[in-house]
Amino acid sequence: MSQPYVTEEQAAMTAVRRASQLASSVFNKLVKAETLTKDDKSPVTIADFAAQAVISTILHNAFPTDLIVGEEDASELRSPNNAEEREMRERIISLANEALTSELMLGDNPTWGIGPGTAKSDSEILDAIDRGNYQGGSQGRMWTIDPIDGTKGFLRGDQYAVCVSLIVDAQVHVGVLGCPNLQKNPEHPEEGNGCMFVAIRGQGTRQMTLSGSNPTFVKIPPTNSPESLFLLESVDPSHSSHSFNSTVSNLLKITQPSVRMDSQAKYGSLARSGGIYMRMPTGAGYKEKIWDHAPGSIIIEEAGGVVSDSRGEPLNFGLGRTLGDNFGVIACGKDTHSGVLTAVQQALQEEKSKA
Ligand SMILES: Nc1ncnc2c1ncn2[C@@H]1O[C@H](COP(=O)(O)O)[C@@H](OP(=O)(O)O)[C@H]1O
Ligand SMILES: [Mg+2]
Ligand SMILES: [Mg+2]
Ligand SMILES: [Mg+2]
């Protein structure tokens with residue numbers, strides 16, 4: 001019998017590869033070329049929408065009855081208010097079509113709506129974006145799409161990730177992360193950037209190039225001493241508390257500085273090189289989104305790690321578009337998780353007694 005979820009994995013890899021190429025080309029054409037002012041966020045908006053259209057089109061053609069939870073929605077594109085907005089919409093549609101119609105590669109299936117001659121109409125592209133409007137839930141099959149995760153990193157030329165997962169009955173079964181700016185091999189930077197992490201439940205985590213070549217299984221390395229430990233955290237201090245992390249770091253007697261990195265590239269990096277990914281809320285109100293953690297969580301679990309909230313509870317992907325109340329996210333190797341949880345509880349107590 002063939003392994004389960006192999007077609008799902010292949011469709012997700014095809015979608016992530018095409019969307020990653022699109023994102024890199026938008027960066028090279030629009031951001032690097034410095035045709036924009038520093039605060040202009042339009043390249044990331046263009047790349048976000050076009051990449052979601054590409055991924056959603058492929059997933060929908062491959063699995064027409066599956067539901068999709070995507071970060072973006074096309075309502076603002078449907079009624080452009082001025083020439084600038086009309087131009088942006090045209091750019092999005094043509095970029096999406098460029099990515100969808102490029103030559104078929106090994107693993108691509110022409111019935112997925114891709115390859116030369118498959119250009120879509122404007123309304124098909126907008127509908128593909130809007131197909132990501134499912135509200136989520138605990139039953140049945142649904143995909144998550146984060147077309148560009150780490151939008152701030154993308155604009156800086158730092159890390160970002162194209163992220164897709166398949167959730168069945170609230171459990172993640174397939175996760176794919178495309179990381180165009182992540183080193184292929186941190187020990188050999190000369191090998192260049194661009195990797196993809198792929199996991200199917202029960203079948204391990206693999207790293208490969210963005211085109212799917214050189215797949216190798218990755219495992220979180222064991223932590224033999226506090227000296228080998230380090231924290232992984234967001235660059236943006238409003239996304240997770242850097243000060244809480246430094247308290248935890250002291251409690252764990254960590255001597256190495258924290259590694260700051262945008263996006264779910266953190267999960268990919270952890271899966272192959274270790275570390276402790278800590279994401280504690282900076283204030284009340286924000287709810288973590290399922291597309292920001294579902295693909296990364298299976299990449300970690302299948303690499304031999306654990307992902308939980310700050311209470312040690314598993315993340316619940318069946319509550320809707322968010323993870324519900326924000327109790328933070330902790331991801332690390334199995335051997336370090338209980339020690340980290342104890343330190344987190346202690347740090348929470350210390351914070352409480354100071355307040
Ligand atoms: N106040 C907040 N707390 C936690 N996460 C937040 C946040 N505001 C935005 N985010 C999320 O943080 C993600 C980036 O994660 P990181 O901090 O690890 O780079 C963003 O994804 P997008 O860039 O896809 O919008 C966004 O969903
Ligand atoms: Mg995101
Ligand atoms: Mg995003
Ligand atoms: Mg966003």
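Here is a chat about a predicted model, covering its domains, its ligand shell and some of its helix pairs.

Visitor: Let's start with the overall layout. Which domains is the protein divided into?

Guide: Remember this is a predicted model. The protein splits into domain 1, residues 6-204, and domain 2, residues 226-354.

Visitor: How many Å separate their centres?

Guide: Taken over C-alpha atoms, the centres of domain 1 and domain 2 are 25 Å apart.

Visitor: And how many residues of each domain are in contact?

Guide: On the domain 1 side there are 33 residues, and they are in contact with 28 residues of domain 2.

Visitor: Which elements give two or more residues to that side of domain 1?

Guide: Strand 2 (141-149), helix 6 (151-156), strand 3 (161-168), strand 4 (171-183) and strand 5 (193-200). Strand 4 has the largest share, with six residues.

Visitor: What's that side like by class?

Guide: The side of domain 1 that touches domain 2 has 16 nonpolar, 11 polar and six charged residues.

Visitor: OK, ligand 1. Where does it lie relative to the domains?

Guide: Between them, because domain 1 and domain 2 both give residues to the shell around ligand 1.

Visitor: How many residues surround it, and which are the closest?

Guide: There are 14 around ligand 1, and the closest are Thr 151, Ser 234, His 239, Asp 262 and Tyr 286.

Visitor: Switching to annotations: what does UniProt list for "binding site"?

Guide: The UniProt entry, which is unreviewed, lists Glu 71, Asp 146, Ile 148, Asp 149 and Asp 292. Those residues span 222 residues in sequence, yet no two of their C-alpha atoms are more than 10.0 Å apart, so they gather at one spot.

Visitor: In which strand is Ile 148 found?

Guide: Ile 148 is in strand 2.

Visitor: Now helices. At what angle do helix 2 and helix 5 pack?

Guide: Helix 2 (residues 42-62) and helix 5 (residues 122-130) pack at about 85 degrees, with axes 8 Å apart. The two helices are therefore roughly perpendicular to each other.

Visitor: Which residues make the contact?

Guide: Helix 2 brings Phe 49, Gln 52, Ala 53, Ser 56, Thr 57 and His 60, while helix 5 brings Ile 125, Ala 128 and Ile 129. By class, that contact of helix 2 with helix 5 has five nonpolar, four polar and no charged residues.

Visitor: What about helix 8 and helix 9, at what angle do they pack?

Guide: Helix 8 (residues 265-273) and helix 9 (residues 294-301) pack at about 0 degrees, and their axes are 9 Å apart. That makes helix 8 roughly parallel to helix 9.

Visitor: Which residues meet there?

Guide: Tyr 267, Gly 268, Leu 270 and Ala 271 of helix 8 meet Gly 296, Ile 299 and Ile 300 of helix 9. The contact of helix 8 with helix 9 has five nonpolar, two polar and no charged residues.

How values were computed
Residues are numbered from 1 along each chain as its sequence is written. Chains are lettered from A and ligands numbered from 1 in the order in which they are written. This is a predicted model: local features need pLDDT of at least 70, side-chain atom pairs count only at pLDDT 80 or more; totals for chains, interfaces and linings use all residues. A residue is near a molecule or strand if its C-beta atom, placed from the backbone, lies within 6 Å of it. Domain bounds come from an automatic or database domain assignment. Axes are lines fitted to C-alpha atoms, for helices over the stretch in contact, and angles run from 0 to 180 degrees between N-to-C directions. Helices (H or I, at least four residues) and strands (E, at least two) are DSSP runs, numbered from the N terminus. Angles under 35 degrees count as roughly parallel, over 145 as roughly antiparallel, 65 to 115 as roughly perpendicular and the rest as oblique. Two residues are in contact if their C-beta atoms, placed from the backbone, lie within 7 Å. Ala, Val, Leu, Ile, Met, Phe, Trp, Tyr, Cys and Pro count as nonpolar, Asp, Glu, Lys and Arg as charged, and the others, Gly among them, as polar. UniProt positions are given in the numbering used here, feature names are shortened, and annotations may be inferred rather than shown by experiment.
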